[in-house]
Structure formats: structure tokens, C-alpha cells
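I opened the model to look up a sheet and some ring contacts. My notes are kept in the order of the look-ups.

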Amino acid sequence: MRTSVTRTAHRRTVLAALSALALVPALVPALVVAPTAASAASERFMVLGLPFFKPYRAAIATLDVDGAGKVTGTLAPPAGDARAALPVSGTLASGALRLTIGQGDDSYALSFTENQRGLHHIYEETAAIPGLTAVTVFRPEGGFSEPALVLQHDEDNWCGLVTGGLTVDLKAAELGRTPVAPAGLAEIDLVVTPQQGGTAKVKMKDYWSRLRLAARDGDDVSVDVAVPLGTEAKIAQDLRKVPLVATVTLPSLCGEMALAAIPRAKVMEADKVSEAKLKAYGDTMLARVLSGAAPEGGTGTRKFKVAGAVVPGEAGPAYKATVSAESEASRLAKGNWDQFTVLLQPVVTPADTAASVSLVPLVTDLKVAKKSGPQAPADAAFKPADDSSQVAAISHRLVSYIAAAEGTRCSFLTQTAFDEPDGSLSCTNLALDDVSPADDN
């Protein structure tokens, strides 16, 4: 029977807590100082259903609440978009949020009621009008990570990928009038599909003429580009500064991805990866999963060998290990031993909150040997694996186990023939830039 990776419990946001402190001072514990009317704490939210920054789905609201429940702030497009932010004002009292967006005759008043759904604390319109898109204000526990506030998925065209690429929409009119790729786009890696299958990367400047031809029908041209792991948010902001670019979102293509969210404090000091913490975490977590121990704790009996170290990775320090393990533990498959190299890269992704970091595994050099006794086979018995689904199975086992052990979440995508085995833990592939349906708590 398949079990699901459990979702983390959620507390009320600081925004709601500030309102409660201001409205019910008698309930404030002695060690907590209630905010004064002059103090405020800024929180960032996503807002769905507003037309101000289309075609982006979500606007970014930065809201301050003072001790009297007065709300001030701004509503802005994703970072890097040149459009100006709008002023926001309002009140927050007893879970009722009232906001006015804009000023004077060009202002719009909305009323919300707080709720909790899935990963998010949300404010929903108190009374929705049938036929009109509802407006929702929301944030996850711990707030959004910086990449999450920069990158969001396209509502109609997204497979779940959050790392390694972007989708870029080019303005048809400007594209047609630009005979040579501009500096901000020329060296970007365009993803193409060769006749022999799979994907390849070419420089956008080399296919610029083909893109200009596509623009002649008057529709914006959408392409997927490849970017190094961990650079997605920065490159997106840079691309939005190019006048020819209409939008930059999470990639529409499917692909290979595995990641597990863990608390930042497990491997980081402030905003930097701690090599000592990362080494200790990698050693401990690999020992747990490869011994066959249950994610929630206990001791496993499977045999394994791990030699780990911290090395430079694509996005900063990474944990690298050479592993020998029984396949029953490494990928939930019977009758073999696996040898492989694994790299665990800590990366703050659009799937992370401000309190989490993702571990992204890279499994290479997989070799397999049949079991022939209670001990591990000699190195000469291991043969290179020619089945890419076995590599995917190890990646899936690692991220689903880590997420279950931490009580967090994981994301997993593969284009191989891998099927989750019986008893495996499932990844949720949730996006932080959307809220769960009302019946999915």
C-alpha cells in the first residue's frame, strides 16, 4: 500500500498574529510585547484574480499592519517587471481584511475573510460574485522564498518543473522588427527537440531567424530556455528587463526533476550553506535511508557503505557520496546491490518557503550486481546499468524518504519508464503560487 508524504502543520501568519495582538491585548503573554500604533511588520503575499499585471497570474502584495490594525503597502508585478507598484491601504480586524488598491477614482475596494487551506494561510473574498474570477490573498507558513516571489507557473501550460529552465514569451511586433538577437537574449540556451528525440540546447542567436518567422502571424512567440540550477530567479529578472520580452515564467516543458524541501536550519547558517551542517546531514540521512529504517525513525538492518564529502556544486556547496547499498533500500527493488555516486545540492527554489531549502539529488555512475549471499559483492561484480529508470528510482527514493522524514514535501518528474513501486512514498508536486481547492485540506 502506498503512503503519502505528510504535509507539515501550519501556524497562523505574522500578519494575522499582529492583528490579534492589537485587538486582544489582554491575551498577550507577558514575554510578548504587543506592537504599538507606530510599529509594523511587513509580510509578502501573492494575490490571484487581479487584472493589473497580466499575463502574470499572481501579483505580489507587501503589507504592513500596525498595532491598531491599519494596513498599508503595495501591489507589484513579479520582480524585474518594469510596471509600477500600486498603493494598498485597508484594515485587518478579527480575521476580516479590507483592502483598497489604487488611489482616488482609480481605486478598488475588496473584503476578505481568513482561512487555512493546504500549505497556505489565505484571505478569500467574503462574498464572491458568480461568473467573476475570485480574488485570493495567500502565503505559506514561513513566507515565500525569494525565487518563489520571482517565478510563477503559467496557468494553462505547466508540467511541474521548477528548476533548470524558464519559459520566455517574446513580443511578436518587436521580434519582427529586430533582425539580430539583442545582447540580453543572444547567448541564452534555447531548448530544441532534434529529430532523433530528446532535447538539445542551442544559442538563441543561432535560431533568431526562425523565431522572427514565427512572429509574422502576430502572436507572441513562447520558447523554453535552459539555465543553470539555482540561477532561475536571477536570470528571469534579467530577462524581464529586455524590452522584447513579454513574460518569463516557470518552464512549460516536462523534464527530469527531483527535490525535497527541508528546514533551512538543518544545512544553513543565515542565508549561507554550512559545510559542516551539510556533511552531517548527508551522512545521517543517507545512513537512515540505505539501512532501510522507517522515515519516522528506528533502526534499519540493510547493509550499505557510504563515503561522503562536501564539494563545490553547480549552485554552491554540495554533498557528494559514493554508495554501495542493497537495492531494497536504495530503490525498493529486490535482489540486487547498487553502486553509485550521489550529489545532494542545497538550492532555494520557487517551491521553497522562506524557511526551507530544497535538496536536489544527482545520481551518476550507477552499477548493479546480483545478490549472491549476505555480503556485498566484489567491485568487479558490478556492471554499468543501462536502464535510466533505475537512476530515476534512486532519486525518487531519496527525495520521498527525506520529505517523509522531515514532515515536508517533495517534487518528482521523470521522462523514463519508472513506476513507483508498492510501498513507495508519493511526492505532491505542489506549487506555492497557487492554493489548494476548497475540498483539498
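The entries below cover the ground rules, a sheet, a helix and the aromatic rings.

**Ground rules.** I am working with a predicted model, in which local features need pLDDT of at least 70, side-chain atom pairs count only at pLDDT 80 or more, and totals for chains, interfaces and linings use all residues. Residues are numbered from 1 along each chain as its sequence is written, and side-chain values use heavy atoms, with hydrogens and water left out.

**Sheet.** I took helices (H or I, at least four residues) and strands (E, at least two) as DSSP runs numbered from the N terminus. Two strands pair if DSSP finds at least two bridges between them. I found an open sheet of five strands, ordered 12-11-13-10-14, with antiparallel pairing. Strand 12 (200-203) and strand 14 (245-249) are at the edges with a single partner strand each, so one side of each has no neighbour in the sheet. From one strand to the next, the twist averages 40 degrees; axes are lines fitted to C-alpha atoms, for helices over the stretch in contact, and angles run from 0 to 180 degrees between N-to-C directions.

I then checked one pairing. Strand 11 (residues 189-192) and strand 13 (residues 221-226) are joined by two bridges in the antiparallel sense. Asp189 is opposite Ala226 in strand 13.

**Helix.** I looked up what helix 6 (residues 232-240) lies across, and found strand 10 (165-170) and strand 14. Helix 6 runs at about 10 degrees to strand 10. Contact here means heavy atoms within 4.5 Å.

**Rings.** Rings of Phe, Tyr and Trp (its six-membered ring) pair if their centres lie within 6.5 Å; planes under 30 degrees apart count as stacked, over 60 as edge-to-face and the rest as tilted. I get four aromatic pairs by this rule. Phe52 and Tyr108 make a tilted pair, 5.9 Å centre to centre with 55 degrees between the planes. Phe52 is in the loop between strand 2 (40-48) and strand 3 (58-66), and Tyr108 is in strand 7 (residues 106-117), 56 residues apart.

The classes are buried under 20% relative accessible area, exposed over 50%, and partly exposed in between (1.4 Å probe, protein chains only).

Phe412 and Phe418 form an edge-to-face pair, 5.6 Å centre to centre and 75 degrees between the planes. Phe412 is buried at 13%, and Phe418 is buried at 13%.

I also noted that ring pairs link Phe52, Phe53 and Tyr108 into a cluster.
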